[in-house]
Each structure stands twice: as C-alpha cells, then as structure tokens.
Amino acid sequence: IISNCSSLGPNSFGIYWVSGPTCLINSNTQVGSPDAPVMLISAATETRLNGGANLYGTLFVTDVEDINAELVSLGTNAVYGSVIVDGILGDYNGTFQVVWNDNTSRKAGNNGGLGAVVGGWSDFHRDWQ
C-alpha cells in the first residue's frame, strides 16, 4: 500500500495499492518493465499520467475509496498491458494508448497473492474457451 505513485519506476514490479488523493505518474516515467510488470490498483481521487509516461502491466482505477475517482491523461502516454476503469474517465489531452500485451498482462498479478481462492466465486471458468 502506497500513498502516492512518486516511488514507482522502471524497477517496480508486483502489486501496488494506492490510497490517497493523487497517483501521479510524472512525465517521461516508466513504471514496471516487459519482464517485470506491475498491477497498479489506484483508489486515489485522481490517477494522472503526464506526457511520456509508460506503464507495463495492469492499471486498475477504482472508486472504492472515493466515488469521484478519475483517470486523467495529459500528453502522450501508454499502458502496455491492460486498463480497467471503475471510476470517471477524466480529461484526455494528447494521445492515450492501451497496447494489449498478453505476456505482460499475464505476469502483472504473479507473485503478489492474487489468484483463485478455494470456495471462491468467479464468472470465469477454466473450461470456458
């Protein structure tokens, strides 16, 4: 659990939960890498990517802590993996790209205690193809 995203960079990997007013990924910042992606779960009021930000893995913006939670992208930014927004899609000035990468998306939740729970429930079954 982190209070903002200032400590995230190219050597970050695994699962991070952001609880605070802002998750700001600054200009020209890389978060995670193709071989060691992140799963960034942001419950911050504002999750913002500034020009040149690149994130490898999964970005999940949720309104679980603040019903006004929003994702904002200013400049040219990219997520290599997947983005899930359970909040408000805020301002988008420039180019925001989500580039699907099966390998990165699959690795994003590993080694962090994320997975099936015996007796748990899911809409997705392994025999569905």
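Below, two colleagues talk through a predicted model of one protein chain.

Biologist: What should I know before I start reading this model?
Modeller: As the model is predicted, local features need pLDDT of at least 70 and side-chain atom pairs count only at pLDDT 80 or more, while totals for chains, interfaces and linings use all residues. Residues are numbered from 1 along each chain as its sequence is written, and side-chain values use heavy atoms, with hydrogens and water left out.

Biologist: And what does the chain average in pLDDT?
Modeller: The average is 87, and 81% of the residues score at least 70, where pLDDT is the predictor's confidence in each residue, from 0 to 100.

Biologist: Where does pLDDT stay under 50?
Modeller: That happens over residues 124–129, for which the model has two contacts (heavy atoms within 4.5 Å) beyond four places in sequence. Where pLDDT is low, the predicted coordinates should not be read in detail.

Biologist: Where does Asn28 lie, and is it buried or exposed?
Modeller: Asn28 lies in the loop between strand 2 (22–25) and strand 3 (30–31), and it counts as exposed because its relative accessibility is 67%, with buried meaning under 20% relative accessible area, exposed over 50%, and partly exposed in between (1.4 Å probe, protein chains only). Asn28 also has a positive phi of about 55°, although it is not a glycine.

Key:
Helices (H or I, at least four residues) and strands (E, at least two) are DSSP runs, numbered from the N terminus.
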